[in-house]
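Please open the model in your viewer and keep the selection panel at hand.

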Amino acid sequence: MDRALNNRLLVGGDVSLNARLFVGSDVSINSRLFVGSDAVITNRLIVMRDVSLNAHVVISGSTLIMGNLAVQQYKYESIINTTTTNYTLIVTEDVSFNGRLFVSDKTFLQDILDVTKDAYLNSRLVVYFDTSLNNRLFV
C-alpha cells in the first residue's frame, strides 16, 4: 500500500529503511555520516576542511598539490626533489643518464671528473694548479 505525504515528515526516533533511499534535491546532515560499505560518488567530492584517510590511498590520475607536501615516512632512501617554478633539481643518490646531457651555462663539479673515452674541447683549456699527463702530449 503506497502512502503519499505532500509536506514534511518529522520523526522523533530512529528511522529504518529496508531498501534504497532516493532524494531529489540537497541532503543536509548536521553530524557524522557512517557508511558501512563502499561509497560511490559519480562527480566531484568537495571537502571544506581537513580530511583524514587512515589507510592506503590510490590515485589513478594526475595529482595537483596547491600547498606544501610533507612526508613522514617513505619506503625508498632516494627521493628526487623537483621544483618546477625555479627549475631546481636535487638528486640525493646516484643518477644515470642513458643519453646525452646538454648544459647551456657554467657547470661546477666539486670532485673528480672521470671520462672513460675521448674528451673534446672546442675552446681553451685553463688549468689553475699542477697538471699531470701520464702519456705523450702532441702539440
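Begin with the lining of the largest pocket, whose residues divide into seven nonpolar, three polar and two charged. The model is a predicted one. To display this lining, select Gly99, Leu101, Phe102, Val103, Lys106, Thr107, Phe108, Leu109, Gln110, Asp111, Ile112 and Leu113. The space in this largest pocket amounts to about 660 Å³. Rolling a probe the size of a water molecule over the atoms shows where empty space is left.

Next, select Leu33, Val35, Ala39, Ile41, Leu45, Ile46 and Val47, which line the second largest pocket. Its volume is about 430 Å³.

Val35, part of the lining of the second largest pocket, is located in the segment before β1 (80–83).

Now extend the selection to Leu5, Leu9, Val11, Val15, Leu17, Leu21, Val23, Val27, Ile29, Leu33 and Val35. Together these residues form a nonpolar patch on the surface, with an accessible area of about 1,100 Å². Leu33 and Val35 belong to this patch and also line the second largest pocket.

Finally, select the entire protein chain and switch to a cartoon view. The protein chain contains two strands and zero helices. Of its 139 residues, 0% count as buried. A surface view displays about 17,000 Å² of accessible surface for the protein chain, and 50% of this belongs to carbon and sulfur atoms.

Conventions. Residues are numbered from 1 along each chain as its sequence is written. This is a predicted model: local features need pLDDT of at least 70, side-chain atom pairs count only at pLDDT 80 or more; totals for chains, interfaces and linings use all residues. Side-chain values use heavy atoms; hydrogens and water are left out. Patches are made of residues with over 30% relative accessible area and no salt bridge: like charges are joined within 9 Å, nonpolar side chains (Val, Leu, Ile, Met, Phe, Trp, Tyr) within 5 Å. Accessible areas come from the Shrake-Rupley method with a 1.4 Å probe; for residues, only the protein chains shown count as cover. A salt bridge is a side-chain nitrogen of Lys or Arg within 4 Å of a carboxyl oxygen of Asp or Glu. Helices (H or I, at least four residues) and strands (E, at least two) are DSSP runs, numbered from the N terminus. On a 1 Å grid over the protein atoms alone, a cavity is a set of points where a 1.4 Å probe fits but cannot get out, and a pocket is an open set with protein on both sides within 12 Å along at least five of seven lines; lining residues have an atom within 4 Å of a point. Grid points are joined across faces, edges and corners, and a volume is the space filled by probe spheres set on the points. Ala, Val, Leu, Ile, Met, Phe, Trp, Tyr, Cys and Pro count as nonpolar, Asp, Glu, Lys and Arg as charged, and the others, Gly among them, as polar. Buried means under 20% relative accessible area, exposed over 50%, partly exposed in between (1.4 Å probe, protein chains only).
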